[in-house]
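Please look through the sequence and the model below. The briefing that follows is grouped by topic.

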Amino acid sequence: MILCPARLEPIFSWRPWGSLSLAPFFPEKSNLEEPLGEAWMTGSECRFASGPFEGSTLGSVWPEMSVEWAGTKADRGSVFPLLVKFIFSEDKLSVQVHPDDDYAARHEKAAGGRGKTEMWYAVGARPGAEVLVGLKPGVTREKFEQAIGEGTAEACLERVAVREGDAIFVPAGTAHTIGPGLVLCEIQEHSDLTYRVYDYNRRDTKGRARELHVKKALDVIHFGKQGGGGRIDPVRIVRGPVTETFFVSCRYFATEKWEFAKSVAAATSREHFDLMIILEGAGNFEWRDSRAKYAPAQVWMIPAALGAYRVDPSSRTTLLRTYVPSSPNEFLQRLKDSGVEESKWSRLVRT
């Protein structure tokens, strides 16, 4: 079995709130005639651009992927577990909510039966950019349903100003929307279940009003005390040449940011694969006697059994590392070993 970092090719999706230029991230997607809103980096139809699966789609490879690639704790009986996207918003997204796994399993089997918990990392943010996450205190089901009918649903949500480098956690059941002027990296359960409650009367490419899902949304939204969504207060540590920023760990994903200008030593866990999301910089992944060049706006799958490798930058690099944790302890151990107090790291672990 050949073990090596492998790059995945993106798939781009039209969205009415998207952008006519995805430069500089995707300079080939400039001067567009119709707006693109999302670049799916690990969708089932994304193809491997390198490595032993080159040319094959992720969805076709995953069920048969060896344990050396997927990891000893991987569930290959369903879809690839992590969906990574880049979101380019030039207008407001719909006011929406995602169901949890239990609701999706009971009501959305045809759509995969998986809920959707997600996080956003702000790759870019224009002045004044914001997201709306979670309901304001006192917003009941009845009040929210009335606001939907009046076209004022977003007034019921908490506003969160966003700057480059911020991260936002959005657990399933949290009403939310994304404002204009943002480039976000979204890391989520691999699900496309979205219940829209208000969409500003927009039309799709055929001139039809986009479908709303008010009843389902009201069934899954968490009313009353909110479930911990909003801006993440991360923990940063310095490990040799790399500054690591720890954002969040939940049952679906754990995510951290690495910033470095010199070579960084790394090693995989045999329990799971890693995804490396390159945000800026260029250089090489190096393992054994081999190397592979990385560049911005790329996602690389690092096989679980690869073992020791290095990330050697030719220019200052920022990347996100994300994976499906085998337990919360994996995410926390380096924080504990670095002397970080429990009061600081405990808030990063979500159930």
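Which residues of helix α4 (residues 141-150) are buried? They are F144, A147 and I148, where buried means under 20% relative accessible area, exposed over 50% and partly exposed in between, with a 1.4 Å probe and protein chains only. This is a predicted model, in which local features need pLDDT of at least 70, side-chain atom pairs count only at pLDDT 80 or more, and totals for chains, interfaces and linings use all residues. Residues are numbered from 1 along each chain as its sequence is written, and side-chain values use heavy atoms, with hydrogens and water left out.

**Helix α4**

- Helices (H or I, at least four residues) and strands (E, at least two) are DSSP runs, numbered from the N terminus.
- F144, A147 and I148 lie on the same side of α4 because they cover an arc of only 105° around the axis; the arc is that of the directions from the helix axis to the C-beta atoms.
- An α-helix has 3.6 residues a turn, so residues three or four places apart point the same way.
- The face turned away from the buried side of α4 carries the exposed residues E142, K143, G149 and E150.
- The buried residues of α4 pack against the strands β5 (95-97), β7 (130-135), β8 (157-161) and β12 (195-198), and against helix α5 (214-220); contact means heavy atoms within 4.5 Å.
- After α4 comes G151, which has a positive phi near 75°.

**The open sheet**

- An open sheet is formed by 7 strands with antiparallel pairing, in the order β2-β3-β4-β11-β6-β9-β13.
- At its edges are β2 (11-19) and β13 (230-231), each of which pairs on one side only.
- Two strands pair if DSSP finds at least two bridges between them.
- β13 and strand β9 (residues 167-170) have 2 bridges in the antiparallel sense, and R231 in β13 is the bridge partner of I168.
- Strands of a sheet pair through backbone hydrogen bonds, either parallel or antiparallel.

**Cysteines**

- The model has 0 disulfides, a disulfide being a pair of cysteine sulfur atoms within 2.5 Å.
- The sulfur of C46 is too far for a bond, because the closest cysteine sulfur, in C185, is 13 Å away.
- C46 counts as buried at 1% relative accessibility, and C156 is buried with a relative accessible area of 11%.

**Residue L348**

- L348 lies in the segment after α7 (342-345) and counts as buried at 1% relative accessibility.
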